[in-house]
Amino acid sequence: MVQKSSYPVYENMQYRRCGKSGLKLPVLSLGLWHNFGRDDDYAKSRKIILKAFDLGITHFDLANNYGPPPGEAEITFGKILRKDLAGFRDELVISTKAGYYMWPGPYGEWGSRKYLIASLDQSLKRLGIDYVDIFYHHRPDPDTPLEETMTALDFAVRQGKALYAGISNYNADQTRLAAKILRELGTPCLIHQPRYNIFDRWIEERLLGALKDEGIGCIAFSPLAQGILTDRYLHGVPRDSRAARDFSFLKPRDITEEKLAQVRQLNNIAQRRGQKLAQMGIAWILRHENMTSVVLGASQVSQLEENVDTLKNMAFSHEELAEIEAILAG
Ligand SMILES: NC(=O)c1ccc[n+]([C@@H]2O[C@H](COP(=O)([O-])OP(=O)(O)OC[C@H]3O[C@@H](n4cnc5c(N)ncnc54)[C@H](OP(=O)(O)O)[C@@H]3O)[C@@H](O)[C@H]2O)c1
């Protein structure tokens, strides 16, 4: 039996305001993309979620397609909500998304109103709740008018099935347009979820500026490059790692010698800071004042505990930042 302490330790977590909204998010959120599917050990998944909440991680990030099979992460989370977290709904922020393939035929993916509204209803059923806190459009749709997609998000909020609207994987121009449409509809865009980590810095050029101008919060996904920015792969590909799993977007071929050489150098800086590389990678993202949160994945409770310890050392010297830049520049 997993023990959940009667109350999360809120004072050990930091919370940042999401853009110009009234909502605060923990600087560390937990994502359920991997490790919460049908073939994963339910007891372990449950332990990770309960530990996260105990540590003050109040925000859980889901999507319709997380599993495998798609939908299964929402089912797992819904079960834990009912069995272990009943009575805590008002202390939790639960997010879900729609955009990627969910069911066959012309209405099962992308950004039509038809798809988004049906998908949210399905997500609520799987989760066993009346509303999610944040409903995201998961990826831009090149063929559906943006007005239609944003009107669908606004409708979800007006129906009371979502409290806030968000977007993910939109570039800077798409974001500014989406923000304008949502503002005119009366449902401001709360948050943007892009990929961001030491190895993938596309948001720095224009997106971060757009988010600041628009008062939209930012939550970085894959902050540890799916595990590459940790000490996980320093001595080969462990059998229980994401890169070794069948259902995974991280392949052993992605962990190149060139990447590993950089990881080793970054690891040296982390050691000098008295930190694990994962912790330094998280702190590096949160150095941006406007970064509301990072959404972490975890396959073990110990990873979560280690990552929360990041909060003990978040500051960087100019020299350390310059050294990181130099490593990346090769
Ligand atoms: N919006 C989008 O399009 C989108 C796309 C992708 C992800 N996301 C969201 O972002 C979340 C996080 O993505 P992600 O899982 O790729 O994030 P990540 O934090 O970059 O990678 C998580 C993986 O890193 C390893 N790890 C974590 N902490 C560690 C530590 N302290 N030491 C060693 N290894 C550690 C674990 O790998 P092992 O499993 O090998 O142990 C873990 O599964 C997802 O769950 C999802 O909610 C959103």
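Reader: Which of the 29 residues around the ligand come nearest?

Author: Happy to take you through it. A word on the basis: this is a predicted model, in which local features need pLDDT of at least 70 and side-chain atom pairs count only at pLDDT 80 or more, while totals for chains, interfaces and linings use all residues. Residues are numbered from 1 along each chain as its sequence is written.

The ones that come nearest are G31, W33, F221, G227 and G297, out of 29 residues around the ligand (a residue is near a molecule or strand if its C-beta atom, placed from the backbone, lies within 6 Å of it). By class, this shell has 15 polar, 10 nonpolar and 4 charged residues; here Ala, Val, Leu, Ile, Met, Phe, Trp, Tyr, Cys and Pro count as nonpolar, Asp, Glu, Lys and Arg as charged, and the others, Gly among them, as polar. At least two shell residues each come from β10 (291-296) and α9 (301-308), and α9 gives the largest share, 3 residues. These labels follow DSSP runs numbered from the N terminus, with helices being H or I of at least four residues and strands E of at least two.

Angles run from 0 to 180 degrees between N-to-C directions, and axes are lines fitted to C-alpha atoms, for helices over the stretch in contact. Contact asks that the C-beta atoms of two residues, placed from the backbone, lie within 7 Å.

For a detail of the pairing, take the parallel strands β8 (residues 189-193) and β9 (residues 217-221), which 2 bridges join. H192 has C218 as its bridge partner in β9.

Last, a helix pair: α7 (residues 257-272) and α8 (residues 277-286) pack at an angle of about 90°, with their axes 8 Å apart. That makes the two, α7 and α8, roughly perpendicular (angles of 65 to 115 degrees count as such, under 35 as roughly parallel, over 145 as roughly antiparallel and the rest as oblique). L266, N267, I269 and A270 of α7 meet L277, Q279 and M280 of α8 in this contact.

Methods:
Pairing = 2+ DSSP bridges.
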